Every structure is written in C-alpha cells, then in structure tokens.
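Hello,

Here is the structure I promised to pass on. Please open it first, and my notes on what turned up follow below.

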Amino acid sequence: MLKHNYKINTEIQTIVVTLNGDLVISDMVSLGVEILQKAKELKYKVVFDCRQSRVKISMGDAYFLYVDHYDHIDIGFRNVPISYIVNKEDWSFYSGYR
C-alpha cells in the first residue's frame with residue numbers, strides 16, 4: 001500500500017510529495033490527479049520524493065500515464081513541471097535505462 005504526504009512550499013512555489021511503499025498504477029493515478037490539480041491551480045512545480053518507495057509498474061504504464069489516465073481529465077496537467085528524487089534500486093526505471 002502506498003502512503004504519502006505532501007507539503008506546499010510557498011517560498012519556492014513547489015509541492016513536495018513524499019511516497020512510501022509500492023508504486024502501483026491505481027495509487028499513482030489517484031494521487032497524481034490530486035497533486036496535479038493542486039499544482040495547476042497554484043501554478044506550482046511538483047517534486048516526488050520516491051526514495052522510500054519501489055516501482056511496481058511497467059515502463060509502458062509510465063510512458064502512457066498521461067494519455068491513458070490524465071488527458072481526459074485535464075490536458076493542462078502536462079504543463080505542470082515535475083521532478084523525482086529516486087532511490088538507487090529504481091534509478092534505471094526513472095532514467096529510462098534497463
């Protein structure tokens with residue numbers, strides 16, 4: 001089960017989301033909608049801290065995440081700047097190298 005918390009840093013206009021547990025597509029989608037809506041409204045960036053989580057999705061799921069799950073809700077989610085802090089074990093997934 002994925003646990004998360006987030007903090008809104010007004011000084012640097014960023015939402016920092018800390019994730020703990022397995023990253024599965026259903027949890028990622030519901031959390032993503034919540035965070036992306038908030039970031040878009042505030043015109044903030046998002047940082048996902050994934051150091052305490054493990055990727056349990058395929059590269060295909062990640063590649064088509066917006067097309068399959070977000071675009072029909074709000075195409076503007078694509079304009080929200082996102083970055084990831086990742087753990088060593090999942091580095092190849094996030095960097096695109098396998």
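The chain exposes about 6,400 Å², and carbon and sulfur atoms supply 52% of that area; accessible areas come from the Shrake-Rupley method with a 1.4 Å probe, and for residues only the protein chains shown count as cover. Please bear in mind that this is a predicted model, where local features need pLDDT of at least 70 and side-chain atom pairs count only at pLDDT 80 or more, while totals for chains, interfaces and linings use all residues. Residues are numbered from 1 along each chain as its sequence is written, and side-chain values use heavy atoms, with hydrogens and water left out.

On charge, the chain carries 12 positive and 12 negative side chains, and the centres of the two sets lie 5 Å apart. Here Lys and Arg count as positive and Asp and Glu as negative, with His and the chain ends not counted; each charge is placed at NZ of Lys, CZ of Arg, CG of Asp or CD of Glu.

Now the overall fold. There are four helices and four strands, in the order β-β-α-β-α-α-β-α along the sequence. Both kinds of element are DSSP runs numbered from the N terminus (helices: H or I, at least four residues; strands: E, at least two). The C-alpha trace spans about 35 × 30 × 25 Å along its principal axes. The radius of gyration of the chain is 13 Å, which agrees with the value near 13 Å for a compact globule of 98 residues; this radius is taken over C-alpha atoms, and the globule rule is 2.2 Å times the number of residues to the power 0.38. Of contacts (heavy atoms within 4.5 Å) between residues at least 6 apart in sequence, 73% join residues at least 24 apart.

Inside, 33% of the 98 residues count as buried, meaning under 20% relative accessible area, with exposed being over 50% and partly exposed in between (1.4 Å probe, protein chains only). The largest nonpolar core has 22 residues, and those with the most contacts inside it are Val 17, Leu 19, Ile 35, Val 46, Phe 48 and Tyr 70. At least two residues of this core come from each of β2 (14-23), α1 (25-42), β3 (45-55) and α3 (65-70), and α1 gives the most, with six. A nonpolar core here is a set of buried Ala, Val, Leu, Ile, Met, Phe, Trp, Tyr and Cys residues joined through side-chain atoms within 4.5 Å.

Val 46 sits in strand β3 and is buried, because its relative accessibility is 1%. Leaving out residues up to four places away in sequence, Val 46 touches Ile 15, Val 17, Ile 35, Ala 39, Val 80, Pro 81, Ile 82 and Ser 83. With the same exclusion of residues up to four places away, Ile 35 touches Tyr 6, Ile 15, Val 17, Val 46 and Phe 48.

Then there are the loops. Asp 90, between β4 (82-85) and α4 (91-95), is buried at 6% relative accessible area. Beyond its neighbours within four places in sequence, Asp 90 is in contact with Ser 53, Arg 54 and Val 55.

Best wishes
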